[in-house]
Amino acid sequence: MIETSLQTVRDRIQQCMKRAGRVDEVTLVAVTKNHPVQAVETVASLGVTDVGENRVQEAKEKQLTYKGPTVRWHLLGHLQMNKVRQAVPMFDLIHSVDSKKLLDEIERVAAKHDIIQDVLLQVNVAREASKTGLTVEEFPEVRTYASTLPHVCVRGLMCIAPYFENPEDTRPIFRVAHALYEDMKQYFQPEQIQYLSMGMTHDFEIAIEEGANVVRVGTAIFGERVYF
Ligand SMILES: *Cc1c(COP(=O)(O)O)cnc(C)c1O
């Protein structure tokens, strides 16, 4: 049942914060991809304020029929250039920005709407070929470039760790991401860099121990996804 598993995830987050001696807050993004809009409505009615989707089209369909308290919509999946026009007005935070080209397109669309789009820069610390994201070497140039765009506001960093049988193996990856995140603060306005998005069902506790303040959890709340 979603209510019970959500409570379990929340308890685990709180216990982990305590163990880590942290007194700040962690935002739980409930990842609703491949689940119907009712899943969003259910968790929102249980106090979840942030939901994550991977694909623009799927999120759009849900937003059109969603009935429930206002939630913040997060785009977690890779954003294609030709989807930016749709995505910008839809998402409160885009986690997956990983190129200057994409930044340019977000800037262009956000300027047109006269809004400032919040984004995270995605870093592929482990250099997995199967995943998008900036390498650690590419990161500084894109970060510096992003800071020049008036309609893009970089709020922090997102990292997806590789799947390891033993989640403990993700710790060094999360450490590198945390260090990059802290380093970002000197290149932007104070207060602007606030979100370190890392940790999923399999590894969110390690991520919290390593400083994550946004975790993206799907399976532990909703069960296994069914792909059609
Ligand atoms: C699917 C997904 C998640 C959630 O994964 P679970 O293992 O189901 O918790 C988190 N982040 C991203 C980027 C995802 O694509």
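An oxygen atom of the ligand lies 2.7 Å from an N or O atom in the side chain of arginine 225, and the protein covers 91% of the 390 Å² of accessible area that the ligand has on its own, where accessible areas come from the Shrake-Rupley method with a 1.4 Å probe. The model is predicted, so local features need pLDDT of at least 70 and side-chain atom pairs count only at pLDDT 80 or more, while totals for chains, interfaces and linings use all residues. Residues are numbered from 1 along each chain as its sequence is written, and side-chain values use heavy atoms, with hydrogens and water left out.

**Contacts of the ligand**

- A nitrogen atom of the ligand is 2.8 Å from an N or O atom in the side chain of arginine 216, and a polar contact is defined as a pair of N or O atoms within 3.5 Å.
- An oxygen atom of the ligand is 2.8 Å from a polar backbone atom of glycine 218.

**Surroundings of the ligand**

- The residues around the ligand include Val31, Lys33, Asn54, Arg216, Gly218 and Arg225, where a residue counts as near if one of its heavy atoms lies within 4 Å.
- This shell divides into 5 nonpolar, 4 polar and 3 charged residues, with Asp, Glu, Lys and Arg counted as charged and Gly among the polar ones.

**Cysteines**

- The count of disulfides comes to 0, a disulfide being a pair of cysteine sulfur atoms within 2.5 Å.
- Cysteine 159 is in no disulfide, and the nearest cysteine sulfur, that of cysteine 16, is 16 Å away.
- Cysteine 159 counts as buried at 0% relative accessibility, since buried means under 20% relative accessible area (1.4 Å probe, protein chains only).

Definitions and conventions
A polar contact is a pair of N or O atoms within 3.5 Å; within protein, one must be able to donate a hydrogen and the other to accept it, and residues adjacent in sequence count only if both atoms are side-chain atoms. Buried means under 20% relative accessible area, exposed over 50%, partly exposed in between (1.4 Å probe, protein chains only).
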